[in-house]
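This briefing concerns the structure shown below.

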Amino acid sequence: MSARAWALLLVLCGTIFLEGIDIAMLAIAIPEIRSDLGLSTGTAAWVISAYVLGYAGFTLLGGRAADLLGRRRMFLAWLVVFMVFSGLGGFATEGWMLVVARFVTGVAAAFMTPAAMSIITTSYEEGPERNRALLIFAGTSAGGFSLGLVVGGLLTEIGWQWVFFTPVFFAGVILVAGLRLIPKRDGEAGAAAPRVARRFDLPGAATVAGAMLLLAFGIVRLEHGLSGWPLTLGAAVAGLVLGAVFVRVERRTDDPLVRLGILRTGSVARAGAGALLYLGAFMGFQFVLTLYLQELRGWSSWQTAVAMIVLGCDVFLSPTLTPRLVRRFGDRRVILGGFVMAAVAYALFLPVGADWPYLAMFPTLLLAGTGFALTLGPQMIAATDGVPEREQGLASGLLQTASQFGAAIGISAVTAVYGLAEARGGADGGGGVDLSAFRVALVVPLVMAVLGVVVAMSGVRKEGRRTVRSAEAEGLVAGLAADGIRPAPNRSRSHSAPDRPRSGPLDGRRGGALDGTRSGGLDRPLSGAPDRPLSGAPDRPLSGAPDRCPSGAPEARVALPPCEAR
């Protein structure tokens, strides 16, 4: 890549780094914020949940807005919003101020992050160059989160307000650089083509945002367990109903916000399901680990941050190891390997004891971090590979939506399970803290990782079937070419007039014909070649060569070389 391409990638990676460091610093600072402002437990929880609601509720809309309204415009405008409301959070004196600031910051991230990812997928050529850019982008996210844990602990010692002021500085630097480096025409509707006027689907935008918000709210409410379950169930049901309305609206409109057919694309659907499961397992495990280290072991926030920094090893592995593995084995097999590592990691932590040394925890932390490197980046590749340029923002938004819902499900599920187990069980030698509750809660990330293995294996099996069919077709063509095909003699007509082109299943060009003409442009059939199928070759697809690609891609025809008599 050129120097300018690297500089652009650095700016775009700065966005996901900013998001990661912002989340991590707040997670470390929330106990100090609660104490200083006198927040209740519920209000303190909403400071965290408000960001998740805004992010998960608007990411799909944000991704599509980047396609329709301009990726550069959406990226820079919402970066400014992120910067302003992050700074306002530092001046908050009441809990509701923090909740509002965090919600708007989450909405800004929902528009900003898919725009950044779609700029990458439309600015770098599909293949190794784009794959490397996406893997670096994914690794930067984990790097920001890991650094945020440490920096958050340091800044909290100075004053929790600096947790909100620090992202303002980073966002300002990214904004100045983005104004210079991001192309003014970033690829939507073609680099130099005039933009086609489109009607923005307001009913679709309203219904999808409402559905995502209600579903996210219902998921966040899961952490309360059975307490207030009618509200949780009501929010989930209302979200599903509004989602059904959204589907109906999109089917009826001439210019839909979301082309529903993209949801039937196998790679996009599997990448979304995989991201939901891996992020859910990872964030759920991290939440349980934090409780274990701080509440049961009595470690300080600083000690906890340093202990967990190994989870961020993917910041080094994503741009170095993962690209090599993807080139050699393909993204689907690498994703499967990442899920297997995660499942093993969480299984190793299940028998955790009250006085485990750090060396006993280290294998789990290293495997989980490595699995993150092997999973998140390749999922970005799978989610956007082969998607038309005009829908890159939508594909990015779908992946980010799945990621945020996964994180919310993982944290809420382990919280609910932990609370229920703690209420039922007794202490297990942990100084009054129920160790068995931690063990039961750890089952949640393990189950999600195992489900991820199943999803990843389905992708590998489908890829294997497609490879076998392709090899069979290629072998058949090679065999016919090697043996030669003797055309039947023409007994029915003279060749004084050129044959009319015919369209058949053996044609290598869509709508063209295998007319027997030699290279060189002779508009006549080969001598002795009749205007009918080859002798013994029925006018149908070759055996073993399906009429359509198994992946659902546009049909590809098998092209044979011109027939030559022995």
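**Aromatic pairs**

Across the whole structure, a search finds 19 aromatic pairs; rings of Phe, Tyr and Trp (its six-membered ring) pair if their centres lie within 6.5 Å, with planes under 30 degrees apart counted as stacked, over 60 as edge-to-face and the rest as tilted. The model is predicted: local features need pLDDT of at least 70 and side-chain atom pairs count only at pLDDT 80 or more, while totals for chains, interfaces and linings use all residues. Residues are numbered from 1 along each chain as its sequence is written, and side-chain values use heavy atoms, with hydrogens and water left out.

- Tyr51 and Tyr55 form an edge-to-face pair, 5.8 Å centre to centre with 80° between the planes.
- Both tyrosines, Tyr51 and Tyr55, lie in helix 2 (residues 41-69), four residues apart, about one turn of the helix; helices (H or I, at least four residues) and strands (E, at least two) are DSSP runs, numbered from the N terminus.
- Tyr51 and Tyr55 are both buried, where buried means under 20% relative accessible area, exposed over 50%, and partly exposed in between (1.4 Å probe, protein chains only).
- Phe169 and Phe170 are edge-to-face because their ring centres are 5.8 Å apart and their planes stand at 65°.
- Phe169 counts as exposed because its relative accessibility is 59%, whereas Phe170, at 28%, counts as partly exposed.
- Ring pairs also join Phe285, Tyr292, Tyr346, Phe349, Trp356, Tyr418 and Phe438 into a cluster.

**Nonpolar cores**

- The largest nonpolar core has 127 residues, among which Phe75, Tyr292, Tyr346 and Phe349 touch the most other members; such a core is a set of buried Ala, Val, Leu, Ile, Met, Phe, Trp, Tyr and Cys residues joined through side-chain atoms within 4.5 Å.
- Helix 9 (residues 266-296) supplies the largest share of this core, 16 residues.
- A second, separate core of 16 residues includes Ile33, Leu39, Val47 and Phe164.
- Leaving aside residues up to four places away in sequence, Phe349 touches Phe285, Leu289, Tyr292, Trp356, Met361, Thr364 and Leu442.

**A buried loop residue**

- Asp255 is found in the loop between helix 8 (229-252) and helix 9.
- Asp255 counts as buried because its relative accessibility is 17%.
- Asp255 and Asp201 are 54 residues apart in sequence, with their C-alpha atoms 7.0 Å apart in space.

**The chain overall**

- The chain has 17 helices and zero strands.
- Of its 566 residues, 50% are buried.
- Among contacts (heavy atoms within 4.5 Å) with a separation of 6 or more, 82% are between residues 24 or more positions apart.
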